[in-house]
Amino acid sequence: MLEKIYLAPMEGVCDPPMRKVLTHYGHYDECFSEFIRVTTEVLPYKTLLREVPELQNESKTAYGCLCRVQLLGDEPEPLAQTALRAVELGAKSIDLNFGCPSRFVHHGGAMLLKEPDLMHAIVSRVREVLDSSIFLSVKFRLGFLSASELPDIVRAVAVPGVNELIIHARTRKDLYKKEALDWPAIAQVVDSDLALHIPVVANGDITSYESSQQCLAQSRAPRQMVGRAALAVPNLPQVMQGQEPAMPLHQVLAVAMEFAQELQGRDYPEKALMDRLKQFLGYAHKYDQRLCEFFRVFCRSQSLVEAQQLLEKQQCIFAAHTEADA
């Protein structure tokens with residue numbers, strides 16, 4: 001039985017409008033902001049509010065899902081003071097990112113997996129300055145080059161007072177390779193004293209009820225985080241809990257249209273809006289082959305009007321198929 005299901009940060013994907021729409025349909029226990037980069041300076045309040053507008057709504061999306069503020073950096077004090085500022089603005093929970101494998105993050109994210117002492121200093125300082133009522137989690141991978149590094153990493157970040165460890169079941173070297181997924185590696189953390197019995201969240205390629213159950217059996221972690229599959233199955237948490245079937249395709253396209261309307265309401269330029277809509281459907285079609293032919297046609301659309309017409313037409317086609325199959 002799953003205890004909690006989280007919506008992953010998904011840098012470049014899960015921004016405020018996407019969080020709003022996905023938490024409308026998925027009953028997530030919590031979502032996360034994209035990582036907020038902290039360098040040598042404490043971030044201004046306005047930056048935090050821009051990146052996490054949910055802070056102005058009791059740290060919740062419009063549909064009531066708590067949003068955890070995720071920070072990434074390599075300097076303990078600026079990270080700690082930025083976390084404090086987020087709390088002053090209303091944050092209820094903070095996440096420290098040591099999992100992002102991006103090559104553009106030169107000394108932060110998963111690059112710090114090679115430096116357990118620095119990770120320990122960061123986590124310790126952030127936990128020290130935050131009130132004990134503020135939930136603190138740490139997100140990381142199995143290792144930089146090898147999962148054999150995991151015990152040292154866990155010992156570094158499992159600081160007393162940390163509330164959760166979120167483990168992506170690949171190394172930084174593995175990036176997102178499907179064949180590298182290693183849920184059983186997480187079990188050694190769950191089943192030992194290594195993590196001081198801090199609750200563990202399993203992350204990586206959870207896309208359905210079946211994969212969720214497999215992850216639970218292999219990782220032994222009753223908390224799970226899902227990522228890009230949420231765009232193909234907007235009600236994924238309910239699916240993972242065995243409460244609902246996956247949302248039919250005509251409804252998925254309706255969610256895509258709602259996302260476009262949300263972006264339009266935020267005054268996104270048409271080209272940026274079209275890019276984000278193609279991104280949404282691009283991820284969705286990777287998880288559902290029935291969308292592939294439509295996606296090829298949709299990618300050639302140039303205007304929002306044309307895109308809406310294509311979506312409405314395809315909605316009718318998928319709805320008719322759903323009715324015929326019923």
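Me: How far is the sulfur of Cys-100 from the closest cysteine sulfur?

Reply: A disulfide is a pair of cysteine sulfur atoms within 2.5 Å. The closest cysteine sulfur to that of Cys-100 belongs to Cys-14 and lies 14 Å away, too far for a bond. Cys-100 is buried, at 12% relative accessible area (buried: under 20%, with a 1.4 Å probe and protein chains only). This is a predicted model, in which local features need pLDDT of at least 70 and side-chain atom pairs pLDDT 80 or more, while totals for chains, interfaces and linings use all residues. Residues are numbered from 1 along each chain as its sequence is written, and side-chain values use heavy atoms, without hydrogens and water.

Me: How many disulfides does the structure hold?

Reply: The structure holds zero disulfides. Cys-65 is in none, its nearest cysteine sulfur being that of Cys-31, 4.1 Å away. Cys-65 also counts as buried, at 5% relative accessibility.

Me: How is the packing of two helices described?

Reply: Two packed helices are described by the angle between their axes and the distance between the axes. Helix 11 (residues 270–287) and helix 13 (residues 304–325) pack at about 25°, with axes 10 Å apart (axes are lines fitted to C-alpha atoms over the stretch in contact; angles run from 0 to 180 degrees between N-to-C directions; helices are DSSP runs, H or I, of at least four residues, numbered from the N terminus). They are therefore roughly parallel, a label for angles under 35 degrees.

Key: Buried < 20%, exposed > 50% of the residue type's maximum accessible area, 1.4 Å probe, protein only. Helix = DSSP H or I, 4+ residues; strand = E, 2+ residues; numbered from the N terminus. Parallel < 35°, antiparallel > 145°, perpendicular 65-115°, else oblique.
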